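Subject: Structure handover

Hello,

Here is the model I promised to pass on. My notes follow below it.

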Amino acid sequence: MSLIEWDAASRQLHLRNDAVSYVMRVHDGGALGHLHFGAALSAGRSYAHLGPSSFAGFSNRLDQPVALEYPTPASGDFRVPALTVEQEDGSTVLDLAYRSHRITPGKPELEGLPSTYVESAREAETVEVVLADGRSGVEARLSYTIFENAPVIIRTAAIVNGGTQTVKVRCAMSASIDFADAGWELVHLSGAWARERHVVRRLLAPGRQSVGSLRGASGHQHNPFIALASPGANEESGEVYGFSLVYSGNFLAEVEVDPYSRARARIGIHPEAFAWTLDPGAALQLPEAVLAFSPAGFGALSDAYHRLYRERLARGAWRDRPRPILINNWEATYFGFNERKLLEIAGSARDLGVELFVLDDGWFGARDDDTSSLGDWSVNRRKLPSGIEGVATQVEALGMRFGLWIEPEMVSEDSDLFRAHPDWAIGVPGRPRTEERNQYVLDFSRPEIVDHVHGVISRILASAPISYVKWDMNRNITEPYSTALPPDRQGEFFHRYTLGVYDLYRRLTAEFPQVLFESCAGGGGRFDPGLLAFAPQAWTSDDTDAVERLAIQWGTSLVYPLSSMGAHVAAVPNHQVGRITPLSTRAAVAFFGVFGYELDPTQLTAAERDEIREQIAFYKRHRELFQRGRFIRLAGPHGDSGNETAWMVVSADSRAAIAGFYRALNRPNPAPRRLRLRGLDAGLRYRVSVWPPDPYEPAAERGGDELMRAGLEVGAGRWEAAGQGDFWCRLFVLEAI
Ligand code: DGJ
């Protein structure tokens, strides 16, 4: 296998598999130019002629190309740079020239940062290209990995100070790519708390357009992902490029369109509020960016990300294991519980088939509401007389597993921890700190604080049979400042904070390898690839309304696999929007994720309990398919009328599939609806049955070709029945005959 080709004559590097090519070349002046990223090109040829741009540039310095692999500012390329380094004389001019490159099998681990990985060196090849600025000694070590079987290129870089003077990195992107034109739509996943990751599309326009975060977390507002799609690209057609950053802190994903209608896309740590001092010999490792290419719409792009993130980003004992069906007490009790109530919920849920009971916020210190006790991680014996160990043991005795909520990065002003160490909370001395949800953020850029939290949390996890941890983060960082950093290094604060979070995750997941970690940040405020490397699932959103969840899960699924998306059935009227949806619809939406409940099962009617018992049995029967099948979006919040959503999962061998169809508002006198499925085997016949079972729709036999080419009748038999009402859903279970 040779995935990376170096042609010494043309000084060209070509990373290539059957799906993608990434080509760059060392130009005569030494600059590393970008020639192509996209569909695979033939091996063994020179693509040097793709180098020159329509823009003449400043030819005495940049020679032909203005498409540079790692552009720097102030030397004629006036677009946004990938790397800005302030040198001792205050200048930021760099002249990066090729020094060397090294091709190695496999993919090295990233120092201190989460990353994708290989299980065998045969799966991928990596090339590191060293570019250096002769005058300052600054080096950019660009790294590119290509997998044998994935349409992705993984880029990162380390900035090394190989000179004798101290320098300051002001901007260092993980990837920067120049496109030959700007005829693309920019796609991003944006929203807010309780409505995270809605798909936003807009045509590129001259100038800069970006999404990002300066909050210390990737955030509810924008996900560290953008795509460039050919106009009108849909789930099945059109070219789409994806840029996803394996990082959980401040990020920038930006596209600049220049006057010659060429687009430059870049993604990395947000350069605002960032400055990193490099003493001679020091290095800064950047997070990795996963660039994906699809010639066949968003569907194939998602296939690529789902597989990579499920199999080569997520890691540990739970990566491939069926995830348990859980019940979480948050929406059932909020802070108002005691031991008896929790055990009632657990016992009642166990009888329905639930496998894991999760005790959420409020079990520690004196916490009866959100005004106190974060940081005081000792059990509240008034609420839980037998402690975490007692509760966990009793839950286990019921035949369930026990899980616990923590929010380790936080401290309440009203807490023993804050009273003892007020300086541990992030803030600028002499200025007021901004509270959010009555809490402050601990300065995780300080290793001794991470050590302290590690000691406390580790003792709790070791003290009881705890099988699952929900790691929450309910506010973002204000007044960013660390008393442990000198004034001229405050620009390092945010990244050091993120490294501190990763350090704690790394230690706890290594110490408790059997514990399933789920990340959370006030719902989906830190749903990013960085955390997926430690916690294979994340709480998708605090919004548990089935209709809202359609848009949230749809958008999330653009990048993230179903095995990463926590999805629960909650009570009605829904606590976020007051909507009343049928129990079957709530389940049919949550099935397409890591399934669970977030309600008080002791308050259900006998009929509802029967229904839930059946839902759980159904999910268990199809769990493997839901959690590991190929997820395909069929019709959605961003297609058709907006009133209907449809998606499906299909097994790797195409012999089993489940399609979900959801209609928000019912309309009188509807036209019949046909839904064209995808991913089936055209040559097979399938038994199609509906869920929930419906006497009007007995199981039928259909060909895979018919289901994909003509479509599946939805609501056959009694489509016009007014009784279907709003928020109607139907699942179709397909089994090859
Ligand atoms: C926000 C989370 O998203 C909720 O599920 C819950 O854990 C609360 N925090 C608890 O404070």
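The largest cavity is lined by R319, D320, R321, P322, R323, S563, R623, E624, Q627 and R628. This is a predicted model, where local features need pLDDT of at least 70, side-chain atom pairs count only at pLDDT 80 or more, and totals for chains, interfaces and linings use all residues. Residues are numbered from 1 along each chain as its sequence is written, and side-chain values use heavy atoms, with hydrogens and water left out.

Back to that cavity. Its volume is about 60 Å³. The lining has seven charged, two polar and one nonpolar residues (Ala, Val, Leu, Ile, Met, Phe, Trp, Tyr, Cys and Pro count as nonpolar, Asp, Glu, Lys and Arg as charged, the others, Gly among them, as polar). The count comes to nine cavities of 30 Å³ or more. A cavity here is a set of points on a 1 Å grid over the protein atoms alone where a 1.4 Å probe fits but cannot get out; lining residues have an atom within 4 Å of a point. Points are joined across faces, edges and corners, and a volume is the space filled by probe spheres set on them.

Next, helix packing. Helices are DSSP runs (H or I, at least four residues), as are strands (E, at least two), numbered from the N terminus. Axes are lines fitted to C-alpha atoms over the stretch in contact, with angles from 0 to 180 degrees between N-to-C directions.

Helix α4 (residues 339-352) and helix α5 (residues 387-397) have axes that come within 10 Å and cross at roughly 25°. The two are therefore roughly parallel (angles under 35 degrees). E339, L343 and A346 of α4 meet G387, V391, Q394 and V395 of α5 (contact: heavy atoms within 4.5 Å). Four nonpolar, two polar and one charged residues make up this contact.

Helix α10 (residues 546-556) packs on helix α11 (residues 583-590) at about 15°, with the axes 9 Å apart. This pair, α10 and α11, is therefore roughly parallel too. A546, R549, L550 and Q553 of α10 meet T585, R586 and V589 of α11. By class, that contact has three nonpolar, two polar and two charged residues.

Last, the backbone. V572 and P573 are joined by a cis peptide bond, omega about -5°. P573 sits in the loop between β29 (565-570) and α11. Another cis peptide bond joins W691 and P692, with omega about -5°. P692 lies in the loop between β35 (685-691) and β36 (700-703). R11 is not a glycine, yet has a positive phi of about 50°. Its place is the loop between β1 (4-7) and β2 (12-16).

Best wishes

Definitions and conventions: Parallel < 35°, antiparallel > 145°, perpendicular 65-115°, else oblique. 1 Å grid on protein atoms, 1.4 Å probe; cavity = no way out; pocket = protein on both sides within 12 Å on 5 of 7 lines; lining within 4 Å.
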